[in-house]
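Student: I would like to learn how to read a few features of a protein model. Please show me the structure and take them one at a time.

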Amino acid sequence: MKLTLKIWRQKSPKDKGRFETYKVEASPHMSFLEMLDVLNEELISKKEEPVTFEHDCREGICGTCGLVINGQPHGPNKGTATCQLHMRFYKDGDIIVIEPYRASAFPVLKDLAVDRSAFDRIIQAGGYISVSTGAPQDGNAIPIEKDQAAKSFDAAACIGCGACVAACPNASAMLFVSAKVSHLALLPQGKVEAQRRAQAMVRQMDEEGFGMCSNVTACEVECPKEISVTNIARLNREYLSASLGSEV
Amino acid sequence: MNVKGNQSVESFHRRLGKIMWDYCGMSRNADSMKKYRKMIQELREEFYKDVFIPGSMNDYNPELEKAQRVADFFELGELMVVDALDRNESCGGHFREEYQSEEGEALRNDEDYAYVSAWEYKGWDQDPVLHKEELIFENIELKTRSYK
Amino acid sequence: MSWFSNFLTSSIGRKMVMSLTGIFLILFLVVHLIGNLQLLYDDGGEKFNLYANFMTTNPLIKTTSYLLYAFILIHAVQGWLLWRKNRQARGPQGYAVKTTKTVGTNSFAANNMGWLGTIIFLFLAIHLYQFWLQMKLGNLPMANYDGQEVKDLYAIVSVAYENVGFVIFYVVSMIVIGFHLIHGFQSAFQTLGINHSKYTPFIKGVGKIYAILVPLGFAIIPVYMYLFH
């Protein structure tokens, strides 16, 4: 299939950036990123600079890839990361607009790659459990209700890709932060530091310059792991009770 | 970076991969591997003469990153064949066609080859030096597993 | 007390303020509607005028009304500040292709709360000028019911609704409020963390009904008065 791609090119963070149009020939068997690889090989053969985009596992599990394709982070398919989008969903003659995630907290590094270290700093602020890692305990030593464990698992599925921020009209990171807080807050081991964690991570999230949540729910729609906004409600509760009732 | 040749990093990666797949895959033999080692060395020389890496050295440059990995792969690929040639037995994922049982199963030689090979890099044009870490089993008797 | 200001100035704290003031306004609207439905009585305005008199003289009501003015302002001002902050968070470069989907069907309302709220604020400015200000400071005719002399607010309202322009203005404003509420009602609960599979569907259902019935109730008044008086 012959495709027209309108891709955002930006040499560096300071460069203003612009859209460039390319034509590429792709087979329906290719994945979206393979199609971009084909484009890049053509550009290199013409001694031009290839399009920079982030990727790693190409399996939908690492959270590295992230392109906004025709206005949707990770493209049109539900619960699917960019690397798992295949060209059979497109047809000959299609025009595809490819942009990087847009948020003040995610400055563009080059072309389609953005700096998502803000997420790393949020995790460093409190997204962990402090335990002495000696010999592992017996798995059943600490009882946990099955539904709690299931909710925690669902929240833990978050791969930190940032599509939620990209999708949100306010560039809010609430879905991400709430997934990370929920994942730990629902587990007995996580309850010990729950209040400290909620406050510290929200504080860091605010410092990074993310927007505020208006419950638009575009995040849940675009999330490749289908994380639910019920986690946001949980973070709101955790934060409120921590603010009002924590020791510190 | 200064080579400024004509071939992309990706094309070298693919060719290197094809050689590895054909001659140092699941099943190996001494003749093809000697040939393979030569092919690797030639391809590596071509890489350093004719690779093209776009962009600059001081920017975020994924092609440069890829080129560095492929440069490593050349050395690693050659080492794999040196190691495979040295180990004259079939053991685990290393299957030497010259050393198999009548039923086509792997034939180990524990007397001579019960060691871990640690190779010391001596430069491109030198053979690496083998350091053996002997495997001594005190409480277990070495046996052969049948996959039938 | 710095923990309190830290809480109120955090992103979540600010949204909770929006939520709480919004819920107060939601409750206010119910009371306001019930009171104003008395305009539909065919009694020359007696019930309505006595009610208006009560609302402007009763000390408990008056105290609550100060809270109301404060909360309207807080809701509007905080809303605009957050709207601005959120636009900054989005960054200077927008997407070339714009889509914002939502779970559920209120995508328009959810994405335009700022504009809807601003239109409501402008409506309020006119509405308050037209009726509330007149009641407080204007020279209203007086009416006498069994010896009790009260301001004839009914007369002011009737005159206003003889003007088809105002009737349309009110009906359109009520539609705007309806959109604002269809997102705002359930959003307020979500922001406060009140979300559970057992009762959230109920909250959403009540919110939808409220967002339709309350503005509809308000809109009926000017239309009825225009058509039948």
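Student: Which side chains does Lys78(A) meet in a salt bridge?

Tutor: A salt bridge is a side-chain nitrogen of Lys or Arg within 4 Å of a carboxyl oxygen of Asp or Glu. In this predicted model, Lys78(A) pairs with Glu226(A), at 3.5 Å from N to O. Lys78(A) lies in the loop between strand S4 (72-73) and strand S5 (95-99) of chain A, and Glu226(A) in the loop between helix H8 (218-222) and H9 of chain A, so the pair ties together parts that are 148 residues apart in sequence. Helices (H or I, at least four residues) and strands (E, at least two) are DSSP runs, numbered from the N terminus.

Student: Is Lys78(A) buried or exposed?

Tutor: Buried means under 20% relative accessible area, exposed over 50%, partly exposed in between (1.4 Å probe, protein chains only). Lys78(A) has 55% relative accessibility and therefore counts as exposed. Glu226(A), at 45%, counts as partly exposed.

Student: Which residues are buried in H7(A)?

Tutor: Among them are Ala194(A), Arg197(A), Met201(A) and Glu208(A). Just after H7(A), Gly209(A) has a positive phi of about 95 degrees.

Student: What conventions apply here?

Tutor: Residues are numbered from 1 along each chain as its sequence is written, and chains are lettered from A in the order in which they are written. Local features need pLDDT of at least 70, side-chain atom pairs count only at pLDDT 80 or more, totals for chains, interfaces and linings use all residues, and side-chain values use heavy atoms, leaving out hydrogens and water.
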